[in-house]
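Let's take a walk through a protein model together. Have the sequence and the 3D view ready, and we'll go from the whole chain down to single residues.

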Amino acid sequence: MTFVHFNKWFKNTTFILVLIFSSFEISLAQDSLLNKIVSISFNRITLNEAIQELQKVSQISFAYDPAIILNRRISAQAFSAQKVEIILQVIFNGTGLQFREVASSIVITRSPVSIRTINGIVYDAETGENLIGATLQINQVKGVTNQYGYYSISLPADAYTLTASYIGYETKVQDLNLQKNNYLSIGLKRSTFNMQEVYVTAPASDSIETLNSVKSISPSQLKGMPFYAGEADVIKALQMQSGVKNPSEGSSGLSIRGGNLDQNLVLVDEAPVYNPSHLFGLISIFNIDAIKKLQIYKDYIPANLGGRLSSVIDIKLEEGNLNDFHIKGGISLLSARFAAEGPFVKDKSSYLISFRRSLTDLYNSGFRFFNINANYYDFNFKTNYILNKSNRVYFSVYQGFDHLFTDNNYSNNWSNTTSTFRFNHIFNPRLFVNFSAIYSNYINALDITSLATINKEWLTGIRDLGLKGDFTFYKRAGNTIQFGISGTRHHFRPGETADYISNLSLNRFRVNDYGAYFNQDRNLSPELYLNYGFRAGIFAAEEENRVNRLEKNKTVYNFEPRLQLQYSFNSNQALKISYMRNSQNLQLVQNNEISYSSFETWIPANSKVKQQQSDVFSTAYTHLVNRWYFIEVGLYYKKMYNQADLTDHSQIVFNPLFESSLRFGEGTAYGSEITFAKKTGRLTGELSYIYSRSFRKIMGINSGLKYPAIYDLPNDFKISGSYHFSNRLTVSTFFNYSNGRPVTLPVGFFTDNGSKVPIYEGRNSSRFPDYSRLDLVAELKPKIKENDVKKKFLSIWTFGIYNLYSRRNPLFYRVTQLESHRNIGFEESFSGVIPSISYSFKY
Amino acid sequence: MKQIFIFFSVISVGFILSCEKNITVSPPAYNNKVSITGFIEPDSIPVVYFNRTVPYFDKAVKKNELMIRNALITISSNGSTDKLSLDSVFDKIDCQFDYFYNGHNKILANTKYDLTIISEGKTYIANAVTNLFAPAIDSVSYVSNYNDLYGEHEGVVTYFKDVPNQVNYYRYEMIRSADTSIMKAEATIKRACLGKDTVTVHEIGRAVFEDVGKEGKQITIIVEPAYSHKKGTKGRIFIQSIDKNAYVFFSQLDRQKLAQFNPFVEPVFLQEGQFGNKAIGFFAAKKNSKPITFTYPE
């Protein structure tokens, strides 16, 4: 023990002994200081001033640390001939302070810490809908509402100031005296009218801490983006985001950080969607009027989500207005849509119903707008009921349908149906649970019966029925634990004719898919944030033969740890480092030549098809400059295992043996991303540049040599911007430049028996020309008349130009021979510039 | 197959608001190889085709632009060497000369032959053994509607017996006459060179067959005719017994041709054969069955 340590020990010991003996002495004293009688009055002075005044009047010495005396005012009070003890009890009430007599002084200290919890819902004060991701701040402690608008923060009993904020809403500040557990639902008012919220951007409080791994896009932001034919679209909006690549023009596919299209989990109210595209992929299946929130996890996926290697796209549907009836809708060159919402029982239950139908088949008779007849529709319905403050139920349904047919009566139909029933229950203020029953059904039918004497219908699909429970335990401020279990029964139809027992059909699969996860968020210190967790699962496949007998096929297991550390240098700068292992138990078998859902099929991991896995390492530095500008620099490295690709001459449709054409190997992707964004002001926008590569190395393909994946687009540059000229006019633009995607083209030819035979020398060894596109869109709000304000009628005209400088970006190529026997290739692409006009309204 | 292809083509061509232009993709630099194809058959003169290959979109497409002159080509066996000479015949349908190297000595049965080609400083070597047995055709018939994996079509049906106790590979061939009244691949044969003449054509089956699982048993193959026909049109049908090198090559070619104009099928990379990475092709033995005459019933 050094002298310094001894000195400290001696002082502490002496102090404790003095306290003990002093207390003993006082207890024996007949005339306690606390019993002293005084008369005193306080006139809205601070607590500190009150103690000093009492000290002066009573001539008693008070010992305390001024830091523990909050700078708060006490109400005006007068005490006449009252004991000091009573006076102190009154003025210390609710302050968390206690007092005791020690020797000839009264010592003031903090009361022993008792933890209290405030919990509740943050909701839209106008519609009653829950707000996902709203921020609550109590002193330096932050909380965020979950997917159901629920929050819970536990703190020492004390008096606080609570601030609730949400993008596009007025910030609410209120005093909070947290002496006991408190249920507090907070209604936030929109800053402006719904359809003008596009002007409202990130509030000043949206500092680095909230700019983490999830990216959110609100419906109003979606509506302001440029789209094909003026149809606002979720997937196309995601394709405009940094780090997200579109493998080909017009596709609804997303390649994220070098991953395949099937490595993105698309959830609608927790139900998976296996084909999120309408109209060949030009449009996604999501009706913008029914969407409440869109979130994408691409850098780091917390353990409560998963099942895919690259990203999770989480779409929540609107619940409907709990207070008033409203209608909304719109019309564009592609479709017309209509939605109605309102209360079933005011403040208790609401609904939203929406319908969208394409207009493309209507054009056909007159304008022949499309060479192929095509139409689609989708339908959403959602309702909820608040049983009491601890229990709430939700029920939502989506159905979408596409019908494509030619003059020769060939047809291709596909549909997605999802349904989710959810039950929220608050066990206690710190334990929130959601139970979900989930149904999803995707079916794709390709019918070429008209010219064939045998039935030539080719069906693929997948149907899920699942149950899950998600628990959130708010242990204390900055420490949240999530855990859950799930069970899903999948029914795969990899490919079959209408007559399943024919030789052309592939065997169906039924799969029991069980999973569990643990996820914890911890603030280790004010600067250091940690998220870690794991997912574990069992995926047991049974093969159903042609006489509907099930045979055990293969069971695969997965364990997926993950961890993210975030160090905040200050409130505006942070460094994130993360690692995650992901597993994916199903594969989408795709044609390399063209992305089209009817030539693709989902198959489960089984004895012939391996489970996909990936290890992802990433880091990012983020800097919020002056609360206006946001800069992010990121690096990632991703190793993917059991990546499937088709061997030479593989064909998926009408091929019962295509599983044997699959080969499996490794994938490697890496890249650096730089993003610069301006979040507030009249001019807002984002500029990003990505350099990335993605390769595959699969035995049996390309002679076992490494080759570029079809998503390997090394240079990708994007600019999006909006300028708010006035409350009525906003002009937005989007520009994208990237390298063309790899393609396998013949490099030479030779003749055999009069035929020209192409020679290929490498998988994906050629590239399409570089891709670029510039879009422009103007949103014009008609002048709001006084009468409209009363009626709350709002409308927007949107004028757009897609592909402003008429760049012919190829979709795919085809080759043919001229009469001169010379080979010639053609690129198929969209036509050039596409103007659009659309109208939206809300009443 | 046809139906699927038509459907896909309709989708492709009619893709929404699509437009097309000449391809602007630049394939990687091509290191031109040569192609060598040569069959030897007992009691026949050896014939070897020796041509250059060119970049896929090259303008050089005529046979005289592709042929390689001044090559030294020999076929040797048991100490004797046959030096092949450049020869040609005029193809009236294709309206151009067909070039090949012709031998002078008849090929013997049960003999190993070595092919050596020396051209432009490079040497290409392969060998083949003429030890194949010809199968016996039992009968032939015709079906107007036949469905297989690729769709519905008419077909000439050939029944033949597999040669027992060995691995065999087979290919179909029909020899018949053609004039400008018939069509090939849905296009009328042009009169430019053929005029009113009638020429002999060889319809060689695109597919090749292996006798796996049919050892010594009757094999049935159905082949879609390449040329149009009328009731009473006659042809002579052979079944070629070919060696493994030829089978592997033609098997790849069959899949290659299917994939060539169909963007929905993965392309086929020709694997290295007898000549390694220096040349594409084969040098193989074959043995034709005895022909059987077939008359189209419709």
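Among contacts in chain B between residues at least 6 apart in sequence, what percentage join residues at least 24 apart? It comes to 67%. Here, two residues are in contact if their C-beta atoms, placed from the backbone, lie within 7 Å.

A quick word on what you're looking at. This is a predicted model, where local features need pLDDT of at least 70, side-chain atom pairs count only at pLDDT 80 or more, and totals for chains, interfaces and linings use all residues. Residues are numbered from 1 along each chain as its sequence is written, while chains are lettered from A and ligands numbered from 1 in the order in which they are written.

**Chain B and the cores**

Chain B has four helices and 20 strands; helices (H or I, at least four residues) and strands (E, at least two) are DSSP runs, numbered from the N terminus. It has 298 residues, and 36% of them count as buried. Buried means that 20 or more other C-beta atoms lie within 10 Å of a residue's own; 12 or fewer makes it exposed, and anything in between partly exposed.

A nonpolar core is a set of buried Ala, Val, Leu, Ile, Met, Phe, Trp, Tyr and Cys residues joined through C-beta atoms within 7 Å. The largest one has 66 residues, and Ile36(B), Val48(B), Phe50(B) and Ala284(B) have the most contacts inside it. A second, separate core of 64 residues includes Val244(A), Trp458(A), Trp602(A) and Ile603(A). Back in chain B, the contacts of Val48(B) beyond four places in sequence include Ile36(B), Leu84(B) and Phe100(B).

**Strand S6 of chain A**

Now find S6(A), residues 115–124: seven of its 10 residues are buried. Here are its pairings (two strands pair if DSSP finds at least two bridges between them):

| S9(A), residues 150–156 | antiparallel | seven | Ile118(A) and Ile153(A) |
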